[in-house]
Amino acid sequence: MDNELKILLRPETAQSIELYSQILGKTPSDLVEEALQTYFSAIQAKMAQDSVMDDNAQTNLGYDEFWEGVEL
């Protein structure tokens, strides 16, 4: 299934895509697809890292902090 999506780019960006597609011997569509996949991978890794850091921030209590106020 082929989806069509219309995206407006600044003229400078469109020129860069054309230039790099010629230099790399790729179609502009392939170049944009590859760039977006790289971007999405980087964003996914950052989101996963941020999630881990958030989890650690919520559970990172010291021994004394954890047991403060608890009477056994």
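Visitor: What percentage of the 72 residues in the protein chain is buried? After that, please take a close look at Ser21 and what it touches.

Guide: Buried residues come to 4% of the 72 in the protein chain, where buried means under 20% relative accessible area, exposed means over 50%, and partly exposed is in between (1.4 Å probe, protein chains only). Keep in mind that this is a predicted model, with local features needing pLDDT of at least 70 and side-chain atom pairs counting only at pLDDT 80 or more, while totals for chains, interfaces and linings use all residues. Residues are numbered from 1 along each chain as its sequence is written, and side-chain values use heavy atoms, leaving out hydrogens and water.

For orientation, the protein chain has three helices and zero strands, going by DSSP runs numbered from the N terminus (helices are H or I, at least four residues; strands are E, at least two). Ser21 sits in helix α1, which covers residues 11–24. With a relative accessible area of 5%, Ser21 is buried. Its side chain reaches back to the backbone oxygen of Glu18, at 2.8 Å. That is a polar contact: N or O atoms within 3.5 Å, one able to donate a hydrogen and the other to accept it within protein, with sequence-adjacent residues counting only if both atoms are side-chain atoms.

Leaving aside residues up to four places away in sequence, Ser21 touches Lys26, Thr27, Pro28 and Leu31, where contact means heavy atoms within 4.5 Å. Take Leu31: ten residues separate it from Ser21 in sequence, and the C-alpha to C-alpha distance is 6.3 Å.

At a relative accessible area of 29%, Lys26 is partly exposed, and its side chain meets that of Glu34 in a salt bridge at 2.3 Å, N to O. The salt bridge cut-off is a side-chain nitrogen of Lys or Arg within 4 Å of a carboxyl oxygen of Asp or Glu. Side chains of opposite charge can pair when their charged atoms come close. Glu34 is partly exposed as well, at 41%.

The structure holds three salt bridges. Another one joins the side chains of Glu12 and Arg10 at 3.3 Å, N to O; Glu12 is partly exposed at 46% relative accessibility, whereas Arg10 counts as exposed at 57%. Then there's Asp50 with Lys46, at 3.0 Å, N to O. These two are four residues apart in helix α2, so about one helical turn separates them. Asp50 is partly exposed at 30%, and so is Lys46 at 45%.
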